[in-house]
Amino acid sequence: MLVGYSSSSEDESEAATDRNKGFYRKCLDEDGGDHASPARKKHKIEEEQVAKTRLPVPGCLLDMFPEDVSSQMEESSLHGGRVRSFKHEQGNWATYVYLPYHPEEEFKELLEDLLSLARAHGAAWTPQEEFHLSLSQTVVLRHHWIQPFNHSLRAGLVHCKRFVCSAGRLRVYCNAERTRTFLGMEVSTGDAQLSELVQAVDRTMTEFRLETFYQDPSFHVSLAWCVGDLTAQMGECIQEMQSLIDDHEEGAFLLRLDCVELRLRTGNKTFHFPLKT
């Protein structure tokens, strides 16, 4: 029994030695050592050449996942100087609730005159790509919360009715980070109905432990934006701009907002919530 055990141990030792030698030769070959075969050396050189000629990752993909301050600065330069209020993380969706405004041609012409006057005072304004009236702050929603959040909001709005609100007074707003200034038109009629909608939205926000709307909101439709805090600078020309609205060729201009549905924007998805007729 003892002899058999000794013989078996020697076999295992020799096999281990052979394996070690084979592993050593493999390491030399992979490292391009003196003992590497010409074929393996040629293969390694070809791999290095392919790596050098490999195309870089497109910038649009890198911008989707900013990892540090430099990448955020690069993203800012690609979006007119705008800076995220919170860092993008995979699975987090920027979310807000709003009422859409579909501008008429008369509004577009007036806005062009307003921004032309503002630029004459040294402010580089950019018109909004789309116009809306916010009913929530922008919050972060996890992807797996989207459907339950949607259902909760729909249930909370089931008794809210359609209405019309109007706006005609210009105001200047600045975000909490003081990185962007907005030119808005403040609502003059429909505050009670808007407050009712905000209460319904806030109930859903509270259910998901998200930040609710402002305590004393100034309901408005944002018209344009610029980088930085220009609230003091705009105070010098806001009266001139207001005169363009009040002295409009057909009387004082009023922005009319038909509130027939709310919308929920979360990431690249938009959900519609028709109000009761």
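This is a predicted model: local features need pLDDT of at least 70, side-chain atom pairs count only at pLDDT 80 or more; totals for chains, interfaces and linings use all residues.
Me: OK, where is Gln 128 found?
Reply: In the loop between strand E2 (126-127) and strand E3 (131-134).

Me: Is Gln 128 buried or exposed?
Reply: Gln 128 counts as buried, because its relative accessibility is 16% and the cut-off for buried is under 20%.

Me: Which residues does Gln 128 touch, leaving out those up to four places away in sequence?
Reply: Phe 182, Ser 222, Leu 223, Ala 224 and Trp 225.

Me: Switching to salt bridges. How many does the structure hold?
Reply: Five. One of them pairs the side chains of Asp 229 and Arg 178, at 2.9 Å from N to O.

Me: Where do those two sit in the chain?
Reply: In distant parts, 51 residues apart. Asp 229 is in the loop between strand E7 (220-227) and helix H8 (231-234), and Arg 178 is in the loop between strand E5 (163-174) and strand E6 (180-189).

Me: How accessible are they, Asp 229 and Arg 178?
Reply: Asp 229 counts as partly exposed at 36% relative accessibility. Arg 178 also counts as partly exposed, at 43%.

Me: What does Asp 258 form a salt bridge with?
Reply: Arg 256, with the closest N and O atoms 3.2 Å apart. Asp 258 is partly exposed at 44%, while Arg 256 is exposed at 53%.

Me: And Glu 261 and Arg 263, buried or exposed?
Reply: Both are buried. Their side chains meet in a salt bridge, 2.7 Å from N to O.

Conventions
Residues are numbered from 1 along each chain as its sequence is written. Side-chain values use heavy atoms; hydrogens and water are left out. Helices (H or I, at least four residues) and strands (E, at least two) are DSSP runs, numbered from the N terminus. Buried means under 20% relative accessible area, exposed over 50%, partly exposed in between (1.4 Å probe, protein chains only). Contact means heavy atoms within 4.5 Å. A salt bridge is a side-chain nitrogen of Lys or Arg within 4 Å of a carboxyl oxygen of Asp or Glu.
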